[in-house]
Amino acid sequence: MEFTRGETKEMGKTKHGGPIKLDTSWKPSLWASLMPMGLGKIKPHHIRDTMKVAYDNRDNLGYAYRILTQGVCDGCALGVSGLYDQTLTGPHLCTTRLNVLRLNTMPAMDAKWFEDVNALRKLSSEELRKLGRIPYPLSRKPGENKFTRISWDEALNRIARKIKNISPKQLAFFLTARGITNEVYYTAAKMARFLGTNNIDNASRICHSPSKTALKRSVGIGASSCNYQDWIGTDVLVFWGSVPGNNQPVSTKYMYAAKKAGTKIILINPYREPAMEKYWIPSVPDSALFGTKIADDFYQVNIGGDIAFMNGVMKIWFEMEEAKPGSAINHEFIKEHANGIEELRKHVMNESWDKIVESSGLSRERIKEFAQLLANSKNGVFVWSMGLTQHKFGTDNISQVANLAILRGFLGRKHTGLMPIRGHSGVQGSGEMGADPFSLPGGDFEEKSWNRIEKIWKFPIPKWQGDIVGISLENAVLPDGHERKTRLFYTSGGNFLETMPDPDFMQKCLESIEVRVHQDIIFNTSTLVDAKEEVIVLPAMTRYEQPGGGTSTSTERMVYFSAEVEGPRIEEARAEWEIYVDLAARVNPEKKHLMHFSSAAEIRAEIALANPNYDGIQHLKNRGDVFQWGGAWLCEGGVCPTPDGRANLIPIEIPDLNKPEGHFYVTTRRGKQFNSMIYSKKDPFNNADRYDILINAEDAKELRIAEGENIVVYNKYGTFQGRAKFEDTRRGNIQVHWPEGNVLIPKGVYETYAGIPEYNTAVKVEKADTFHANKDLKYVEREVEDLEVNVG
């Protein structure tokens with residue numbers, strides 16, 4: 001691979017050295033089992049899964065092989081180009097990437113399916129996905145039970161006409177993360193502002209916006225400060241609400257290398273995730289045979305208890321400092337590079353241990369163990385994901401993690417850092433390209449960015465604050481005449497029926513929109529929802545079909561070039577950036593030259609100007625080209641890109657979880673799936689069904705619930721029925737699969753600073769027969785609202 005180096009801003013001077021050799025010597029002390037291939041164990045079956053993928057792609061095996069060996073992975077954000085990455089030498093391939101492969105090789109849908117929408121509505125999203133690719137533009141109006149084929153001219157002219165007849169504040173765009181490139185995100189961000197709206201959002205912000213918000217205020221950066229290589233040889237590698245063994249399977253290879261180098265791996269999570277306890281890594285011989293023990297320890301906090309836990313850790317550290325200065329806190333780093341230590345010390349010392357223990361769910365002794373482990377470590381890397389971000393206090397969760405790193409000086413050097421690990425290949429670049437309401441390319445949505453970008457784009461940017469996608473959808477039910485009533489919603493991928501809380505309400509929102517545009521490669525259940533005037537469906541190309549190729553940015557800020565891959569094409573599918581350019585020209589033909597791109601290379605050249613960190617992207621043109629913006633470590637040497645160059649320690653209050661007596665706290669989890677696309681009814685790591693409810697055996701015993709028994713989880717927002725599955729979860733906490741469990745999650749609850757939806761809530765648990773018997777008796781005699789569970 002050619003490692004192209006772009007000039008970047010002040011954040012880091014050291015350059016990434018490229019992939020290192022993996023130590024594959026056998027180490028029996030790390031083996032998970034002496035039974036070859038994990039026979040008899042509950043585990044993924046990589047060989048069987050690979051054979052199934054080969055069978056599913058049998059009609060296009062050559063093309064599938066070229067995508068895998070020539071393209072950049074459109075699954076997770078580890079950044080595998082072809083079969084190789086910048087972390088370890090040797091080939092890498094995972095079932096997540098293989099599962100998504102069929103989306104790229106499927107033939108077009110049979111036209112017969114467009115004749116009966118009611119028949120399509122009987123299919124799940126999984127079944128709809130298997131019907132094939134969207135072949136050409138389609139339209140459906142109220143009262144019609146079929147989709148009608150229309151031309152591209154018809155489709156775009158209808159959309160343009162509607163946009164011209166509404167206020168820009170009544171127009172909203174959304175982009176998902178399924179293989180979308182930086183070029184598409186950038187063009188969408190520019191087009192939205194060209195059309196006069198700031199209502200543009202993306203899937204990344206729904207997952208990780210608290211990470212960006214918190215890191216900006218704590219250390220002045222909006223991305224991972226370190227690399228995957230920093231995992232290998234650090235003293236301690238901590239995963240917070242993140243299960244990369246499940247969501248980023250190739251990363252198990254990095255963890256294997258870290259274990260070989262003596263790194264301790266810790267998981268902080270309410271559930272003792274099997275994917276992080278033992279893993280059989282298919283491309284490492286001894287691990288493929290005997291498995292690998294991954295995590296050295298598990299700290300099972302309550303759902304939402306992380307802030308209390310971290311306050312407890314810092315309280316221990318300050319107590320250690322009173323006994324022996326320098327035993328826990330890196331005073332040299334704090335003196336040179338951080339603000340606010342006294343305010344933080346006063347805050348955590350005033351927190352009571354009773355409150356810390358109750359909220360965190362961990363004993364003072366266990367908190368002390370973890371505090372001492374970090375205090376005795378010279379280096380540490382903290383990794384987190386949606387277990388921390390998708391709370392109404394998500395930003396505070398991340399600032400707490402930053403507090404720990406700053407106090408220990410785990411920032412800006414080898415084997416240290418803060419890493420919000422990304423789930424999909426497109427998500428790191430989306431905000432950096434400006435495709436969200438709080439950002440523009442290379443900066444936040446603020447005056448200095450307006451002025452800078454207007455000079456490049458040569459047209460004015462609307463100065464009002466755009467809405468996040470949840471609000472844009474809710475705005476669809478505002479009364480007629482309201483200036484922010486969403487009247488046209490244009491979504492590139494995504495399925496809000498299966499990703500947002502309260503699916504019934506989401507359907508009402510989607511139905512209330514006058515014109516809804518679905519730009520996608522496949523149908524899903526939301527495509528079939530009615531609209532007031534028209535649903536227009538546009539067939540998009542995959543990243544591997546885009547003329548001139550495209551780029552994506554990995555978790556560690558590597559910008560990879562993915563070349564166009566030779567193969568069959570959906571005849572009328574178009575590159576997504578081309579669709580946006582064409583639409584803009586139809587809405588405002590007099591100024592279309594300001595929103596014109598003739599090639600993907602031309603977009604990359606402008607990205608390099610609009611986002612200075614991406615200076616270097618303009619040179620990416622051949623398969624294997626890659627560069628890393630910001631250098632190997634952001635905040636190198638402890639110098640942060642904050643106004644004073646220093647990190648900020650921020651006191652964080654323990655949140656009120658609003659869990660009444662006798663209630664459980666529930667969170668949603670992922671099984672064998674890619675976003676909301678489910679690939680198996682069984683979780684290969686614990687054998688859980690999609691409707692199994694993970695509950696602690698002691699909790700179940702108190703409720704007289706047997707394993708496998710039908711139970712009901714309910715609150716005033718919804719009811720979820722499934723089977724009890726006994727798992728090692730923190731008592732008082734249960735887990736249900738996402739998106740099936742979304743019926744329990746309250747709508748309209750957003751994180752204060754970043755606007756991320758809340759995906760956790762309080763619930764009651766009962767045996768199904770008891771619940772339904774009581775419902776039959778009580779609901780006849782009383783008003784329903786009298787029985788609603790009050791969760792605050």
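**Buried cysteines, cores, sheets and aromatic pairs**

Cys 73 counts as buried, at 6% relative accessibility. The model is a predicted one, and the number of disulfides in it comes to zero. Cys 226 takes part in no disulfide, and the nearest cysteine sulfur, that of Cys 635, is 11 Å away. A disulfide would require the two sulfur atoms to lie within 2.5 Å. Cys 226 is also buried, with a relative accessible area of 0%.

In soluble globular proteins, nonpolar side chains tend to be buried together. The largest nonpolar core of the model contains 151 residues, and Trp 240, Trp 317 and Phe 370 have the most contacts inside it. The element that gives the most to this core is helix α13 (residues 306–323), with ten residues. Apart from this core lies another, of 34 residues, which includes Tyr 228, Ile 232, Val 250 and Ala 632. Residues up to four places away in sequence being left out, Trp 317 touches Ala 328, Ile 329, Ala 371, Leu 374, Ala 375, Leu 404, Leu 407 and Arg 408.

Helix α10 (residues 251–260) is largely enclosed by the rest of the structure, because ten of its ten residues are buried. The buried residues comprise Ser 251, Thr 252, Lys 253, Tyr 254, Met 255, Tyr 256, Ala 257, Ala 258, Lys 259 and Lys 260. Just after α10, a positive phi of about 95 degrees is found at Gly 262.

An open sheet is formed by seven strands in the order β2-β1-β17-β16-β15-β3-β4, with mixed pairing. Its edge strands, β2 (148–149) and β4 (200–202), each pair on one side only. The pairing of β3 with β4 is parallel and extends over three bridges; in β4, Ile 200 is the bridge partner of Phe 173. Parallel pairing is also found between β25 (residues 692–695) and β27 (residues 719–726), here over four bridges. Within this pair of strands, Leu 694 has Lys 725 of β27 as its bridge partner. Strand β25 is covered on both faces: Asp 692 and Leu 694 are buried on one side, and Ile 693 and Ile 695 are buried on the other.

A pair of aromatic rings is described by the distance of the centres and the angle of the planes. The structure holds 27 aromatic pairs. One of them joins Phe 174 and Phe 496 in an edge-to-face arrangement, with 4.8 Å centre to centre and 70 degrees between the planes. Phe 174 lies in strand β3 (residues 171–175) and Phe 496 in the loop between β15 (488–492) and α23 (503–512), so this pair ties together parts that are 322 residues apart in sequence. Phe 174 is buried, with a relative accessible area of 3%, and Phe 496 is likewise buried, with a relative accessible area of 3%. For Tyr 228 and Trp 231, the ring centres are 5.5 Å apart and the planes stand at 85 degrees, so this pair is edge-to-face. Tyr 228 and Trp 231 are both buried. One aromatic cluster is made up of Trp 240, Tyr 299, Phe 309, Phe 370, Phe 382 and Phe 410; Trp 240 and Phe 370 are also among the residues with the most contacts inside the largest nonpolar core.

Charged side chains lie over aromatic rings as well. The charged end of Arg 58 sits over the ring of Tyr 55, at 3.9 Å from the ring centre. Arg 140 lies over the face of Phe 147, and its distance from the ring centre is 5.6 Å.

Ile 745 is placed in the loop between β28 (733–737) and β29 (760–767). This residue counts as buried, at 1% relative accessibility. With residues up to four places away in sequence not counted, Ile 745 touches Pro 501, Asp 502, Tyr 717, Glu 758, Tyr 759, Asn 760 and Thr 761. Ile 745 and Lys 130 are separated by 615 residues in sequence and are 29 Å apart in space, C-alpha to C-alpha.

Notes:
Residues are numbered from 1 along each chain as its sequence is written. This is a predicted model: local features need pLDDT of at least 70, side-chain atom pairs count only at pLDDT 80 or more; totals for chains, interfaces and linings use all residues. Side-chain values use heavy atoms; hydrogens and water are left out. Buried means under 20% relative accessible area, exposed over 50%, partly exposed in between (1.4 Å probe, protein chains only). Helices (H or I, at least four residues) and strands (E, at least two) are DSSP runs, numbered from the N terminus. Two strands pair if DSSP finds at least two bridges between them. A nonpolar core is a set of buried Ala, Val, Leu, Ile, Met, Phe, Trp, Tyr and Cys residues joined through side-chain atoms within 4.5 Å. Contact means heavy atoms within 4.5 Å. Rings of Phe, Tyr and Trp (its six-membered ring) pair if their centres lie within 6.5 Å; planes under 30 degrees apart count as stacked, over 60 as edge-to-face and the rest as tilted. A charge sits over a ring if NZ of Lys or CZ of Arg is within 6 Å of the ring centre and within 35 degrees of the ring normal.
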